[in-house]
Amino acid sequence: MRLALGGGGSGGHVFPALAVAQSLSACTKDKVELLYLGRATGVEATLARDAGVPFRDVSARPVRDRNIVAQLWSLGALALGVWDAAWALRRFRADAVLVTGGFASVPVAIAGRLLRIPVILYQPDIEPGWAVRQIYRVATRVCLTHASSLDGAPRGKSVVTGYPLRSVFAEVDRPMARAHFDLNGSPTVLVAGAVQGARRINDTLAADLAGWLETAQIIHVTGPGDYRRMLQLRDALPPTLGYRYRPFEYLGDDFPIALAAADLAVSRAGASILGEYPATSLPAVLVPLPMAGGHQLANARTLEEAGAAVVVEDAATPETLLPLVREILADADRLDGMRQRASAAAQPDAARNIARAIWEARR
């Protein structure tokens, strides 16, 4: 079987595609050949190659700019991207196409439809973005993370599958994870933005790093832009505090281990929180990015309504974040309740569910 993957712009689009491909390979006796289509300058290129998946560049630009010249330029890039994707799909002889959102996935989906290849769309976020809404029209099947997305999804071809996770999530446990990061028995907070980090959250830590470290051990995914700054701040601390801080520019395959090691997460609210935090029973304080159509807020509210998270507005972060973290860590019953409710929201069969949809739809 030959499966083409498309989706980019963030790890929340790329990791689900790779997880489903991994599951498909594991649950069939047939050989599964993969090809990832996306922008060579996007995060998808790096993540696909890190996973050993062949990659092909596809032209794409956002189409939502209000400037008419920019719109025409973007439409031209989209048309060229459809040509790029169609050429790659025909040469690859794809049996199915899995797309997961991001504007780079639109030409891939359109090319698949034009070539009469089944197009399976996985929608990671609770609310569909612009790209996902366009792909609704050409998708053979639509797979959703959460039942609350059903009302806005196409009737008759949408199914709730859950958020697909890489197999490493089934392999980690808490004692191993804490030993991996050389943590002691005191509370540990994982602070993360996304693959690129989160400047507002990073600035909040930088303003009182000593205060954070007096509260808990910190595993911090800084992103490439803030790594050196946070290292310098750590080095300026007394050794008794500095050893409690573990900054990383990027964690990759170690990120699931960090999730398992932590007692509480502080992060943005990309789609991955809907699968990865429940899978590791991790309570969270979520700071949704106040852009991208409010998609992160909908993701965050879903976990908050389940009792597994607390949502903080981005603008309130500097004053609110550390006192709230201290309050939660000091209340063992509250923290344990959030942990149990996070675990109850887990959907461990999600990758297999989407893999099954692909297998059934293949030509």
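Predicted model: local features only at pLDDT ≥ 70, side-chain atom pairs only at ≥ 80, totals over all residues.
Local features need pLDDT of at least 70 and side-chain atom pairs count only at pLDDT 80 or more, whereas totals for chains, interfaces and linings use all residues. Residues are numbered from 1 along each chain as its sequence is written, and side-chain values use heavy atoms, without hydrogens and water.

Strand S9 spans residues 217–221. Strands here are DSSP runs (E, at least two residues), numbered from the N terminus. Five of the five residues of S9 are buried, so the strand is largely enclosed by the rest of the structure. Buried means under 20% relative accessible area (1.4 Å probe, protein chains only). Gln 217, Ile 219 and Val 221 point one way from S9. Ile 218 and His 220 point the other way.

S9 pairs with strand S8 (residues 188–192) in the parallel sense, over five bridges. Pairing requires at least two DSSP bridges between two strands. In S9, Ile 218 stands opposite Val 189. Strand S10 (residues 245–248) also runs parallel to S9, joined by four bridges. Here Arg 246 of S10 stands opposite Ile 219.

One cavity of 30 Å³ or more is present. A cavity is a set of points on a 1 Å grid over the protein atoms alone where a 1.4 Å probe fits but cannot get out. The largest cavity holds about 40 Å³ of space, the volume being that filled by probe spheres set on the points. Its lining residues (an atom within 4 Å of a point) include Tyr 163, Leu 165, Leu 274 and Gln 347. The lining of the largest cavity divides into seven nonpolar, two polar and no charged residues. Tyr and Leu count as nonpolar, and Gly as polar.

Key:
Buried < 20%, exposed > 50% of the residue type's maximum accessible area, 1.4 Å probe, protein only. 1 Å grid on protein atoms, 1.4 Å probe; cavity = no way out; pocket = protein on both sides within 12 Å on 5 of 7 lines; lining within 4 Å.
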